[in-house]
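Subject: Structure handover

Hi,

Here is the structure for you to open. My notes on it follow below.

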Amino acid sequence: TLVAQRIAESICRLLDARSSAVYRLEPGSRALLLQAVSSNVGRTFHWATTLAPGFATWTRKAWTCSSS
């Protein structure tokens, strides 16, 4: 989406990064699905289109933590 693309571009500017990606959580499978990419490195770096549950430690924590 346009909003996801703008977020990815803002992350690059804010962190002076060459590339960033925005993923969304798919509730049924708990997988992360690629929504947008911003990159100044051309097509040399390929972001994963899907990240399985537990692929990244913060994913699991974000899913299991609850607010008090």
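Start with Arg24 and Glu26. They form a salt bridge, with the closest N and O atoms 2.8 Å apart. The term covers a side-chain nitrogen of Lys or Arg within 4 Å of a carboxyl oxygen of Asp or Glu. By this rule the count comes to one salt bridge. Side chains of opposite charge can pair when their charged atoms come close. Arg24 is partly exposed, at 37% relative accessibility. Glu26 is partly exposed too, with a relative accessible area of 27%. The classes are: buried under 20% relative accessible area, exposed over 50%, partly exposed in between (1.4 Å probe, protein chains only).

Some ground rules. This is a predicted model, where local features need pLDDT of at least 70 and side-chain atom pairs count only at pLDDT 80 or more, while totals for chains, interfaces and linings use all residues. Residues are numbered from 1 along each chain as its sequence is written, and side-chain values use heavy atoms, with hydrogens and water left out.

Overall layout

The chain has two helices and three strands. From the N terminus, the order is α-β-β-β-α. Both kinds of element are DSSP runs, numbered from the N terminus: helices are H or I with at least four residues, strands are E with at least two. Of the 68 residues in the chain, 21% are buried. The accessible surface comes to about 5300 Å², and carbon and sulfur atoms account for 57% of that. Those areas come from the Shrake-Rupley method with a 1.4 Å probe; for residues, only the protein chains shown count as cover.

The sheet

The three strands form an open sheet, ordered β1-β2-β3, with antiparallel pairing. β1 and β3 (50–51) are the edge strands, each with a single partner, so one side of each has no neighbour in the sheet. Two strands pair if DSSP finds at least two bridges between them. Eight bridges join β1 to β2. Two bridges join β2 to β3.

Ser19

Ser19 sits in strand β1 (residues 19–26). Its place is opposite Ser39 in β2. The Ser19 side chain reaches the backbone oxygen of Ser38 at 3.3 Å. The side chains of Ser19 and Trp47 make a polar contact of 3.0 Å. A polar contact is a pair of N or O atoms within 3.5 Å; within protein, one must be able to donate a hydrogen and the other to accept it, and residues adjacent in sequence count only if both atoms are side-chain atoms.

Two loop residues

Which phi does Asp16 have? Asp16 has a positive phi of about 50 degrees, although it is not a glycine. Asp16 is in the loop between α1 (2–15) and β1. Asp16 is exposed, with a relative accessible area of 72%.

Arg30 also belongs here. The hairpin of β1 and β2 has four residues between the strands, and Arg30 takes a positive phi near 65 degrees in it. Arg30 lies in the loop between β1 and β2 (31–39). At 35% relative accessibility, Arg30 is partly exposed.

Best wishes
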